[in-house]
Amino acid sequence: MNRKPTMKELVAATQLSRATIDRVLNNRAGVNPRTVEMVQNAYASLLVQVADEVKPTPIKVDAHFAVVVQASEEYNDAVQAAGEQLTSQLQAQGINLDISSCSDVNDAEVVRLINQQAERADGLAIVAKNTPEINAAVHKLKQQGKAIIALVSDLDADVREAYVGINNRAAGQAAGFILGRHLQFCTEARVAVIVGTLSYSCHDDREIGFRAQIRKTFPAVHVLEAISGNDNTQQTYAATKEILRHHPDLQAIYNVAGGNEGLSQALDEHAAAIRPIVITHEVNKVTENLLLSEKIDYVISQDIPQLLTETVNKLMALKQQQPVTAHAYLPIEILTRFTLPTSA
């Protein structure tokens, strides 16, 4: 139980006599109302100070966790920024979170980075392609006792302890529902799908959910074969130019990946009476600017600081040998230029 302010503290705070303070504390008559107010305010202020004095000191836990991100440059930057935002909070808990990232590299380089980070980390969170080489390397680390979390894009279930991120199948369904509602009265509506690479489980799941939703509820909308932008601005630009050359009257584009600057540039250069509706993923500096300038219409996203916080919580639980759930699905955010958060 918190202690009460002492008489000595009240005298020092108000410069009043003990007798006067005692009369106020015991609700006796004969004290000037302004004096009563002074004592009461001092008492309330000291109560706050006393409560702060007895707050327990946070338990310091010496933990080092690493996050390895293999994604587009804009997404890597967003994860780094979120990590910096959480630094002081985590350090107060005795937790060090080291985030490293790479773009446009082969699997061998990703494996090298994962192994490098694993050397001094108590646990790892990994955003990476779901390829045999990466899965084999991660599985080996798990067998050596490393705690492994798949982040944003899932890996094989037997190589990680848990997955943290949105339900990507549901995110694709949401995109299908939105575009289907836009195009439901069009007789010849065509929609393009751009993927980074289907080696990312999240890209695969988003496309599957999207196509299933369109096929189920909007059969008149024709979804074209997926094209690859490899999460890269220039490759996404070239892929978009190619699809627009074959389908100049394209009504909508669903980009499950990055490279959105290239997508937008290709649309800017495309002479069409009506610009295609565009849905993409993840709020970052690029997509925020494109939303605000009306170059894209919807962004399906997730809260990256929340993503990292949930990941650290799971890694800490695993370090302390506590059970964790296999999936931690974050809320799916669907944003327009009118609903952007104050900072991306």
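How are helices H1 and H2 oriented to each other, roughly parallel or roughly perpendicular? In this predicted model, local features require pLDDT of at least 70 and side-chain atom pairs count only at pLDDT 80 or more, whereas totals for chains, interfaces and linings use all residues. Residues are numbered from 1 along each chain as its sequence is written, and side-chain values use heavy atoms, with hydrogens and water left out.

The axes of helix H1 (residues 7-14) and helix H2 (residues 18-25) cross at roughly 110 degrees and come within 10 Å. H1 and H2 are therefore roughly perpendicular to each other. Angles of 65 to 115 degrees fall in that class, those under 35 degrees count as roughly parallel, those over 145 as roughly antiparallel and the rest as oblique. Axes are lines fitted to C-alpha atoms, for helices over the stretch in contact, and the angles, from 0 to 180 degrees, are taken between N-to-C directions. Helices (H or I, at least four residues) and strands (E, at least two) are DSSP runs, numbered from the N terminus. On the H1 side, Met7, Leu10, Val11 and Thr14 meet Arg18, Ile21, Asp22 and Leu25 of H2, where contact denotes heavy atoms within 4.5 Å. The residues of this contact comprise 5 nonpolar, 1 polar and 2 charged; Ala, Val, Leu, Ile, Met, Phe, Trp, Tyr, Cys and Pro count as nonpolar, Asp, Glu, Lys and Arg as charged, and the others, Gly among them, as polar.

For helix H5 (residues 107-118) and helix H6 (residues 132-143), the axes come within 9 Å and cross at roughly 15 degrees. H5 and H6 are therefore roughly parallel to each other. Asp107, Ala108, Val110, Val111, Ile114, Asn115 and Ala118 of H5 are in contact with Glu133, Ile134, Ala137, Val138 and Leu141 of H6. This contact of H5 with H6 contains 9 nonpolar, 1 polar and 2 charged residues.

The axes of helix H10 (residues 260-268) and helix H11 (residues 285-292) come within 9 Å, with a crossing of roughly 30 degrees. H10 is thus roughly parallel to H11. Asn260, Glu261 and Ser264 of H10 make the contact with Val286, Thr287 and Leu290 of H11, and these residues divide into 2 nonpolar, 3 polar and 1 charged. Within H10, the buried residues are Asn260, Gly262, Leu263, Ser264, Ala266 and Leu267; buried denotes under 20% relative accessible area, exposed over 50% and partly exposed in between (1.4 Å probe, protein chains only). Their cover includes helix H4 (73-92), strand S6 (190-195), helix H9 (233-246), strand S9 (252-255), strand S10 (277-281) and H11.

The ring centres of Phe177 and Phe218 are 6.5 Å apart with planes at 55 degrees, so the pair is tilted. Phe177 in helix H7 (residues 168-183) and Phe218 in the loop between helix H8 (201-217) and strand S7 (222-223) are 41 residues apart. Phe177 is partly exposed, at 45% relative accessible area, while Phe218 is buried, at 8%.

Val223 is located in strand S7 and is buried, with a relative accessible area of 14%. Apart from neighbours within four places in sequence, Val223 contacts Val191, Val193, Phe210, Arg211 and Ile214. The C-alpha atoms of Val223 and Thr35 are separated by 77 Å, at 188 residues apart along the chain.

How values were computed: Rings of Phe, Tyr and Trp (its six-membered ring) pair if their centres lie within 6.5 Å; planes under 30 degrees apart count as stacked, over 60 as edge-to-face and the rest as tilted.
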